[in-house]
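My notes follow in the order I looked things up.

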Amino acid sequence: MDFAKLFSLEGRVAVITGGSRGIGKMILEGYLDAGCERVYITARKAAVVEETAAEFGATHPGRVVALPGDISQMEGIQQLADELARREDRVDILVNNAGAAWGADFEDFPEVGWDKVMDLNVKTPFFLTQKLHGMLKAAATFERPAKVINIASIDGMRPNPWETYPYQASKAGLIHLTKRMAARLIKDDIVVSGIAPGAYPSEMNKAAARNPEGSAKGIPARRVGVAEDIAGGAIYLASRAGDYVVGTTIPIDGGIVNAWVPSDFQDPSGH
């Protein structure tokens, strides 16, 4: 067994939505170091996307390509797919990472917030994968399947304390959508899987970014996540090592989902 090849992404072409900052940027860094030939990143804010591409271009010349755009609606999804088709004949790895959140009191929660979150978090991963289906099939073989990795959240696996109703519902929906997409696309040698991140410093998780020590208090591992944690999982799923992980969403969260016990938990057995 060749250990280096087991986790290598050498020669592969990847697309990361929301790849200019936060978790997407962490995955970008990992994919470059794992050997990706080119990584396309997209996000709505063109200046930020271009800045990130330039930052990594200094150390990985020509391997990071910025394709800014709004993929929350079908027009932007199609534009991204068309631009990728003009530049490449295949996509080996698609990471559906772009996401949004919206919090408001139950009584006042607005339809605009609901629609924004559900569109970007659930509709976009499905339809972008659909539009790139041909390019994913062009890359896929039985011996080396193409990969689709959906970035969900642990908030889709258990409720959180905040009134982010469509965020939690959308991430739960994405976890189930990952299973259904996997069942269909494995026929084309495309493996669909997912990651459910916990607390990582980002624009979306400002608490973990501004006060990592405070955020760590509710995490069994006693720290927030760092780039190596999420990049390691994303490399695993994208590489040969993850070829047999089909339809599964892996929580990478320091134990919040599976190892957290409330401090005031009362064991009914009396122990």
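I am looking at a predicted model, where local features need pLDDT of at least 70 and side-chain atom pairs count only at pLDDT 80 or more, while totals for chains, interfaces and linings use all residues. Residues are numbered from 1 along each chain as its sequence is written, and side-chain values use heavy atoms, with hydrogens and water left out.

**Core**

I started inside. A nonpolar core here is a set of buried Ala, Val, Leu, Ile, Met, Phe, Trp, Tyr and Cys residues joined through side-chain atoms within 4.5 Å. The largest one has 33 residues, and Tyr40, Leu84, Leu94, Leu132, Leu136 and Ile190 touch the most other members. I then checked where the core comes from: β1, α4 (74-87), α5 (111-131), α6 (133-139), β5 (146-151), α7 (165-185) and β6 (190-197) each supply at least two residues. Helix α7 gives the most, with seven residues. For those labels, helices (H or I, at least four residues) and strands (E, at least two) are DSSP runs, numbered from the N terminus.

I looked up Ser193, which sits in strand β6. Ser193 counts as buried because its relative accessibility is 2%.

Next came Gly76, in helix α4. Gly76 has a relative accessible area of 11%, so I put it down as buried.

**Salt bridges**

I counted a salt bridge when a side-chain nitrogen of Lys or Arg is within 4 Å of a carboxyl oxygen of Asp or Glu. How many does the structure hold? There are 13.

I opened Lys25 with Glu55, where N to O is 2.9 Å. This pair links distant parts of the chain, with Lys25 in helix α2 and Glu55 in helix α3 (residues 46-57), 30 residues apart. Lys25 is partly exposed at 24%, and Glu55 is partly exposed at 41%.

Glu83 and Arg86 were next, with their closest N and O atoms 2.7 Å apart. Both are in helix α4, three residues apart, about one turn of the helix. Glu83 is partly exposed at 21%, whereas Arg86 is exposed at 62%.

Arg144 and Asp92 make another bridge, at 3.0 Å between the closest N and O atoms. It also links distant parts of the chain: Arg144 is in the loop between α6 and β5, Asp92 is in the loop between α4 and β4 (93-96), and they are 52 residues apart. Is Asp92 buried or exposed? Asp92 is buried, because its relative accessible area is 3%, while Arg144 is partly exposed at 31%. I also noted that Glu37, Arg38 and Glu88 are joined into one network by salt bridges that share partners.

**Surface patches**

Patches are made of residues with over 30% relative accessible area and no salt bridge; like charges are joined within 9 Å, and nonpolar side chains (Val, Leu, Ile, Met, Phe, Trp, Tyr) within 5 Å. Lys and Arg count as positive and Asp and Glu as negative, with His and the chain ends not counted. The place of a charge is NZ of Lys, CZ of Arg, CG of Asp or CD of Glu. Areas come from the Shrake-Rupley method with a 1.4 Å probe, and for residues only the protein chains shown count as cover.

Arg21, Arg44, Lys45 and Lys116 form a positive patch. I found Arg21 in the loop between β1 (13-17) and α2 (22-33). Arg21 is partly exposed because its relative accessible area is 38%.

Phe106, Trp114 and Tyr165 make a nonpolar patch of about 330 Å². Tyr165 is in helix α7 and is partly exposed at 32%.

Most residues other than glycine have a negative phi. Asp189 is not a glycine, yet has a positive phi of about 60 degrees. Asp189 lies in the loop between α7 and β6 and is partly exposed at 24%. Arg222 has a positive phi too, near 65 degrees. I placed Arg222 in the loop between α9 (212-216) and α10 (227-238), exposed at 70%.

Methods. Buried < 20%, exposed > 50% of the residue type's maximum accessible area, 1.4 Å probe, protein only.
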